[in-house]
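Subject: Handover of a structure and summary of findings

Dear colleague,

Please find below the structure that I am handing over to you, together with its sequence. My findings follow it.

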Amino acid sequence: MKKSTIGLIAAIVALALWCVSKYNGMVNSDETVTQAWANVEAQYQRRADLIPNLVATVKGYAAHEKGTLEAVIEARAKATQMTLNVEDLTEENMKKFQEAQSQLSGALSRLMAVSESYPELKANEQFLELQAQLEGTENRINTARMEYNGEVKKYNVSVRSFPGNLIAGIFGFERRAEFKAEPGAEKAPTVTF
C-alpha cells in the first residue's frame, strides 16, 4: 500500500474517532442536563408535598384566613400540573413553568405573613418544623436551579461552539433553556409594618 493511501485511511479513522468522541461527549452532557432537571423537579415536588401539611396546620389557627389558604392550595395545584419533560425545555415552556412556581411562591409568602398575626401558631412546633423544612426546600430549589443552569451552559457551549456545532447539527442536538430571573427580581421587595 502507498504511504498516501495509508495516510488517507489514518486521517479518515482519526476524523471518525473524533466525531464519535464529540458525539459521545454531547450525549453525556445531554444526560447530565436531564439529571440536573430531574433534581430541580424533585425539589419542587418536595415543596409541593410539604404544603398540604403546612396549610392544615395553619387552618387550625387561622380559620378566617380562608382566602389565603385557598390561594395556596390553588397555586400548588397549578404548579404540580405544570410539568416539563427535558425535551420540552424551550424558553417559552420554561417561562410558563417559572410563572406557575412563582405564583406558588407568592401564595406561600402570603401564608407566612398570615402566620405572623397568630402568636400561638408561630409557637406551634409542627408549624415551626414545617416552616424550617420549607425554607430548606427553597434553598435546595435555588441550588438545584443553579446546578441545572451550570450544566445547561456546558451543554450549550458544546452544542454551539465550532466544530461541535457540526456534529450537533447532524445529530439534532439543540440548545437547552436556562432558568432566568423573574421580571422585577432585581428590585428589593418593600417591607412595611
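Predicted model: local features only at pLDDT ≥ 70, side-chain atom pairs only at ≥ 80, totals over all residues.

The largest nonpolar core has 22 residues, and W37, V40, L89, M94, Y148 and F179 are the ones that touch the most other members. Helices α1, α3 (91-115), α5 (125-160) and α6 each give two or more residues to this core. Apart from it lies another core, of 17 residues, which includes V72, A75, A107 and L130. As a general background, nonpolar side chains in soluble globular proteins tend to be buried together.

Once residues up to four places away in sequence are set aside, L89 touches W37, L84, M94, Y148, R176 and A177.

Salt bridges

The whole structure contains five salt bridges.

E74 and K78 meet through their side chains at 3.4 Å, N to O. These residues are four apart in helix α2 (residues 66-81), so about one helical turn separates them. E74 is partly exposed, at a relative accessible area of 46%, and K78 is also partly exposed, at 40%.

The other pair is E92 with K96, where the closest N and O atoms are 3.4 Å apart. Here too the residues are four apart, in helix α3, and are therefore separated by about one helical turn. E92 counts as exposed, with a relative accessibility of 53%, whereas K96 is partly exposed, with a relative accessible area of 41%.

Overall architecture

The protein chain has six helices and zero strands, so that, from the N terminus on, its elements run α-α-α-α-α-α. Of its 193 residues, 33% count as buried. Taking contacts between residues at least 6 apart in sequence, 78% join residues at least 24 apart. The accessible surface of the chain comes to about 12,000 Å², and carbon and sulfur atoms account for 55% of that area.

Surface and individual sites

What forms a nonpolar patch on the surface? The residues are I9, V13 and L17, which together have about 270 Å² of accessible area. L17 is placed in helix α1 (residues 3-61). With a relative accessible area of 57%, L17 is exposed; the cut-off for that class is over 50%.

R140 lies in helix α5 and is partly exposed, with a relative accessible area of 40%. Leaving aside neighbours within four places in sequence, R140 is in contact with Q43 and R46. R140 and R46 are 94 residues apart along the chain, and their C-alpha atoms are separated by 9.7 Å.

F162 and P163 are joined by a cis peptide bond, with omega at about 5°. P163 is placed in the loop between α5 and α6.

Confidence

The mean pLDDT of the protein chain is 83, and 89% of the residues score at least 70. Among the elements, helix α4 (residues 119-122) has the lowest mean pLDDT, at 69. Helix α6 (residues 164-171) has the highest, at 92.

With kind regards

Conventions. Residues numbered from 1 in each chain as written. Heavy atoms only, no water. Buried < 20%, exposed > 50% of the residue type's maximum accessible area, 1.4 Å probe, protein only. Contact = heavy atoms within 4.5 Å. Areas by Shrake-Rupley, 256 points an atom, 1.4 Å probe, with all protein chains shown as cover. Patch = residues over 30% accessible without salt bridge, like charges linked within 9 Å, V, L, I, M, F, W, Y side chains within 5 Å. Salt bridge = Lys/Arg side-chain N within 4 Å of Asp/Glu carboxyl O. pLDDT = per-residue confidence, 0-100. Core = buried A, V, L, I, M, F, W, Y, C linked by side-chain atoms within 4.5 Å.
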